[in-house]
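Biologist: I would like to learn how to read this model, feature by feature. Please give me the general idea, then the case at hand.

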Amino acid sequence: MTAPEEERRVQDAVRRHARTRAFAEAEDVISAVLSDPGVQEARERVETAETELGTELCARLQPFQDRYDQAVAEGDAARLTGACPGKHGRWGRICVLPDGHETSMEEPHWGRNSEGRPIAWVGSAPDDW
């Protein structure tokens, strides 16, 4: 291996190490923040409010869940691609309303949580958040 190749290999290794360390430190900070009792209490209040709102909207929005479930069962990709992309993946939430509902219907996202209970939420997060 030539000297420039060796130098490039070392620089790449240093960059990988720095990136890995930065991600590990970020995860430690996030874990510390999320374990704070005040943050946990706030999260519980939000989840309670989301569950209450989801239950409140259930009678009106359940047909959207039924259509979504039918589309999944039938593998109806066209109907599924018309569904709202809003989700909270970590908590098993997928919005079953039509795409664009947040502006046209002025509705929060609505669906079922991982336990099957109706839930409504505002905003969206990546699947691994």
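Biologist: How far is the sulfur of Cys-95 from the closest cysteine sulfur, and which residue holds that sulfur?

Modeller: Start with the rule: a disulfide is a pair of cysteine sulfur atoms within 2.5 Å. Here the closest cysteine sulfur to that of Cys-95 is in Cys-84, at 3.8 Å, so the pair is too far apart for a bond. Searching the whole structure turns up zero disulfides. Two notes before we go on. This is a predicted model, in which local features need pLDDT of at least 70 and side-chain atom pairs count only at pLDDT 80 or more, while totals for chains, interfaces and linings use all residues. Residues are numbered from 1 along each chain as its sequence is written, and side-chain values use heavy atoms, with hydrogens and water left out.

Biologist: Is Cys-95 buried or exposed?

Modeller: Burial is read from relative accessible area: buried is under 20%, exposed is over 50%, and partly exposed is in between (1.4 Å probe, protein chains only). Cys-95 has 0% relative accessibility, so it counts as buried. Cys-58 is also on the buried side of the cut-off, at 18%. Across the protein chain of 129 residues, 23% are buried.

Biologist: Which residues have the most contacts inside the largest nonpolar core?

Modeller: A nonpolar core is a set of buried Ala, Val, Leu, Ile, Met, Phe, Trp, Tyr and Cys residues joined through side-chain atoms within 4.5 Å. The largest one here has 13 residues, and Leu-57, Leu-61, Phe-64, Cys-95, Val-96, Leu-97 and Trp-110 have the most contacts inside it. H2 and E4 are the elements that each give two or more residues to this core. H2 gives the most, with five residues.

Biologist: How do E3 and E4 pair?

Modeller: Two strands pair if DSSP finds at least two bridges between them. E3 and E4 run antiparallel, with four bridges. They form a hairpin with five residues between them, and Gly-116 in the turn has a positive phi of about 90°. In E4 (residues 118–121), Pro-118 and Ala-120 point one way, Ile-119 and Trp-121 the other, and all are buried.

Biologist: Where is His-109 placed, and what stands opposite His-109 in E4?

Modeller: His-109 is in strand E3 (residues 109–112). Its opposite number in E4 is Trp-121. His-109 is buried, at 7% relative accessibility. Now its surroundings. Contact means heavy atoms within 4.5 Å. Beyond neighbours within four places in sequence, His-109 has contacts that include Cys-84, Cys-95, His-101, Trp-121 and Val-122.

Biologist: With which side chain does the side chain of His-109 make a polar contact?

Modeller: A polar contact is a pair of N or O atoms within 3.5 Å; within protein, one must be able to donate a hydrogen and the other to accept it, and residues adjacent in sequence count only if both atoms are side-chain atoms. For His-109 the partner is the side chain of His-101, at 3.3 Å.

Biologist: Is Val-122 buried or exposed?

Modeller: Val-122 is exposed, at 74% relative accessible area. It lies in the segment after E4. Its C-alpha atom is 6.0 Å from that of His-109, 13 residues away along the chain.

Biologist: How many salt bridges does a search of the whole structure find?

Modeller: The test is a side-chain nitrogen of Lys or Arg within 4 Å of a carboxyl oxygen of Asp or Glu. The search gives eight. One of them joins Arg-21 and Glu-25, at 3.1 Å from N to O. Both residues lie in helix H1 (residues 3–35), four residues apart, about one turn of the helix. Arg-21 is exposed at 52%, whereas Glu-25 is partly exposed at 42%.

Biologist: How many residues apart are Glu-47 and Arg-43 in helix H2?

Modeller: They are four residues apart in H2 (residues 37–74), so about one helical turn separates them. Glu-47 is partly exposed at 29%, and Arg-43 is partly exposed at 36%.

Biologist: Which residues are linked in a network of salt bridges?

Modeller: Glu-74, Asp-76 and Arg-79 form that network. Between Glu-74 and Arg-79, the closest N and O atoms are 4.0 Å apart. Arg-79 is partly exposed, at 33% relative accessibility.
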